[in-house]
Amino acid sequence: MSPQLCSSPLQGDSTCNGTHSKKALLSDTQLFEAQFDELVTELTEGDLTDPVLADSLNRLREVLVYNAPGGKRNRGLSVIGSLRELIPPTQLTQDVVQRALLVGWCIELLQAFFLVADDIMDSSVTRRGQPCWYKKDGVGLDAINDSFLLEGAIYRILRRHCREQSYYVHLLELFTETSYQTELGQALDLMTAPPGQIDLNRFTMERYKAIVKYKTAFYSFYLPVAVAMYMAGIESEEEHNNAKHILLEMGEFFQIQDDYLDCYGDPAITGKIGTDIQDNKCSWLVVTALGVMTPEQRAELEACYGRHDDASVEKVKALYNTLKMPALYHQHEDDSYQRLQKLIACHAQNLPHSVFLNFAKKIYKRNK
């Protein structure tokens, strides 16, 4: 059974645990965590029950438990968080909250699908403080099919829980469109920095922004809020475009921040060892550095970027420090936040500003 949620008006991000219970209020984060166990049980025990699939469903359970939890869960939690800002508390019935939690988990499954595949393509070592799934003993390239299982699970959940809702087709279109946009962004990323082919001329700010918009911003920022808007009955194309303007700006900054943390973050806090320099990535640091360095510095960068030996990586980092990249990044962070405030004032005239400000609070000045 689901954790019981009362439908009486409540403030904040909590809801009550049982209609007449005196137990402590559960936060959205706690409700979200509890929903995951049910989701796993539903997908592996209550969905396809043909006994010949027992081994496959056990594998699905392993894949879900290893890859879907962990991380900051900002994307998934933003569905219920945004919905609370968009509809009155009296409309947040137990069923509405549960559906928002489940659709939030669908976004986390989409993220897991992308990351399992992305880690193989990037030859990454760790993810969220543990070995990447494909690096685990006995997994290897079978992880490719595991990523497909994660994607397939999204549509099982949506069909089972949202099929009777007026917004069901909107959600299906959103998830399929966002997946396609992200895959196009990933293609751009892979083509811009093919392994063993170092060509810094490919690393332009225009190309960087295109990769970020399509690979990260749509699914990480627009998707959770767009889902909540449709669930709240907001179907206006104009309002969705207004939200998109704001959220794509936020998504761009988020990726720039990710690029910065890849080099300057503490792996003990971020949960991953940065490899953008070794992987010849078109990151904000290298694109920005190229715009301010001397021809001599560029020659040094060309000799070291995309190389896997520690000495080359350290030379690139030393070059970044000489160019004062941390100071340039912090200035960009402040400028981006000011731009965001203006976008919210301009484009969110009919939408609660809190939807966007809550998201912004989670990402600006973060260290993981």
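Reader: Where does Gln 165 lie?

Author: Gln 165 lies in the loop between helix 5 and helix 6, where helices are DSSP runs of H or I of at least four residues, strands are runs of E of at least two, and both are numbered from the N terminus. This is a predicted model, in which local features need pLDDT of at least 70 and side-chain atom pairs count only at pLDDT 80 or more, while totals for chains, interfaces and linings use all residues. Residues are numbered from 1 along each chain as its sequence is written, and side-chain values use heavy atoms, with hydrogens and water left out.

Reader: Why does Gln 165 count as partly exposed?

Author: Buried means under 20% relative accessible area and exposed means over 50%, with partly exposed in between (1.4 Å probe, protein chains only). Gln 165 has 25% relative accessibility, so it counts as partly exposed.

Reader: How do you know that the span of helix 6 agrees with its number of residues?

Author: The expected span of a helix is 1.5 Å times one less than its number of residues. For the 25 residues of helix 6 that gives 36 Å, and the end C-alpha atoms are 36 Å apart, so the two agree.

Reader: Which elements do the buried residues of helix 6 pack against?

Author: They pack against helix 4, helix 5 (143-162) and helix 7, contact being heavy atoms within 4.5 Å. The buried residues of helix 6 include Tyr 168, Leu 171 and Phe 175.

Reader: What makes a space a cavity and not a pocket?

Author: On a 1 Å grid over the protein atoms alone, a cavity is a set of points where a 1.4 Å probe fits but cannot get out; a pocket is an open set with protein on both sides within 12 Å along at least five of seven lines. Lining residues have an atom within 4 Å of a point. The largest pocket is lined by 47 residues, and helix 4 gives the most to that lining, with 10 residues. The largest cavity is lined by 13 residues, and helix 4 gives the most there too, with four residues.

Reader: Where is confidence lowest in the protein chain, and where is it highest?

Author: pLDDT is the predictor's confidence in each residue, from 0 to 100. Its mean is lowest in strand 1 (residues 14-15), at 42, and highest in helix 5, at 96. Over residues 1-24 pLDDT stays under 50. Where pLDDT is low, the predicted coordinates should not be read in detail.
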